[in-house]
Amino acid sequence: MKKPTLIIMAAGMGSRYGGLKQIDPVDEYGHIIMDFSIYDAVKAGFEKVIFIIKKENEQDFKEKIGNRMERQIQVEYVYQEIENLPEGFSVPEGRVKPWGTAHAVLSCLPAVDGPFAVINADDYYGQQAFQMIYDQLLAHEDTDRFQYTMVGYLLENTLTENGHVARGVCETNDSGKLTKITERVRIEKQENGPAFTEDDGATWTPLAGDAVVSMNMWGFTKSMMAEIRDRFAAFLTENLDKNPLKCEYFLPFVVDELIREGRAEVTVLKSKDRWYGVTYREDKPVVVKAIQSLKDQGLYPQKLWS
């Protein structure tokens, strides 16, 4: 069985701060969050990483990130381009927004020939998550159903003190298989626990702190690439007329369709690690402090790439 490949979705990297050169390090050695993800991935057994980037960011990305990663792991680049559409479709006039996470992963179609894991570029997932997903992908092939996996986190371990977040709230059956993901685009940490709103804060619905949520850490067999490709045209046909400038083809949508069709089952691996990310500028001191604490506990060397 082929070893799993790691795919890192980095096409949107830097947009929050206006460019790659403005992404701040999270320690005194210049490491960014992605350094820790790749360190954990290599430790887990991954030997190849595919970076999904924007073509116009290629030089900056290689100078700031890619070139030094090539000394740790085999590196390949693919480009998420808005013009990459099925035959018969074209980019609507005025559209500048990318087509979403499933479209980003579709960019990797020529580069993937076995199982693969997918993560966001700017999220810290923890060592346990990479080991679990690597072992799961290495041990399970498709049967009469596609055998996919995801790492879920406790909602309370993924919240920020500085605003709201979007999370996919997961439901599982007694066998630990995913049955449904519900996207909640505005969840906040409140006095009595987390809650979400769908009417811009007029009303709030509580959520359990130990609810399992997706942080976009997925594991797939090669079959997923063909499913993403083959379903894209139907997605565009259904959504382009309704929302030509902003509709997005999300990875969980494809997963959910396959589950409902009975063609795939998704094993949910639960991590008790805390997720870290810089959703807002005010989050950075929390992340810096957390990274140093992890180093002090001996989970990472002070300088990752000595």
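Me: How many bridges join strand 1 to strand 2?
Reply: Four bridges join them, and the two strands run parallel. Strands count as paired if DSSP finds at least two bridges between them. Strand 2 covers residues 48–53, and strands (E, at least two residues) and helices (H or I, at least four) are DSSP runs, numbered from the N terminus. Before we go on: this is a predicted model, where local features need pLDDT of at least 70 and side-chain atom pairs count only at pLDDT 80 or more, while totals for chains, interfaces and linings use all residues. Residues are numbered from 1 along each chain as its sequence is written, and side-chain values use heavy atoms, with hydrogens and water left out.

Me: OK, which residue in strand 2 is the bridge partner of isoleucine 8?
Reply: That's phenylalanine 51. Isoleucine 7, in turn, stands opposite isoleucine 50 in strand 2.

Me: What else does strand 1 pair with?
Reply: Strand 4, residues 116–120, in the parallel sense over five bridges. There, threonine 5 has phenylalanine 116 as its bridge partner.

Me: Is strand 1 enclosed or open, and why?
Reply: Five of the five residues of strand 1 (residues 5–9) are buried, so the strand is largely enclosed by the rest of the structure. Buried means under 20% relative accessible area, exposed over 50%, and partly exposed in between, using a 1.4 Å probe and protein chains only. Both faces are covered, with Thr5, Ile7 and Met9 on one side and Leu6 and Ile8 on the other.

Me: And strand 2, which residues point which way?
Reply: Lys48, Ile50 and Ile52 point one way, Val49, Phe51 and Ile53 the other, and all are buried. Strand 2 also pairs with strand 3 (residues 74–79), parallel, over six bridges.

Me: Back to isoleucine 50: what does it touch?
Reply: Leaving aside neighbours within four places in sequence, isoleucine 50 is in contact with Thr5, Leu6, Ile7, Ile8, Glu76, Val78, Cys108, Ala111 and Val112. Contact here means heavy atoms within 4.5 Å. One of those, glutamate 76, is the bridge partner of isoleucine 50 in strand 3. Isoleucine 50 has a relative accessible area of 0%.

Me: Which residues have the most contacts inside the largest nonpolar core?
Reply: Met34, Phe46 and Phe51, in a core of 59 residues. A nonpolar core is a set of buried Ala, Val, Leu, Ile, Met, Phe, Trp, Tyr and Cys residues joined through side-chain atoms within 4.5 Å. Helix 1 (residues 33–44) gives the largest share, seven residues. Apart from it lies another core, of 44 residues, including Met150 and Leu236.

Me: Switching to helices: at what angle do helix 5 and helix 6 pack?
Reply: About 100°, with the axes 11 Å apart, for helix 5 (residues 223–239) and helix 6 (residues 251–260). That makes helix 5 roughly perpendicular to helix 6. Among the residues making the contact are Met224 and Arg231 of helix 5 and Val254 and Leu258 of helix 6.

Key:
Axes fitted to C-alpha atoms, helices over the stretch in contact; angles between N-to-C directions. Parallel < 35°, antiparallel > 145°, perpendicular 65-115°, else oblique.
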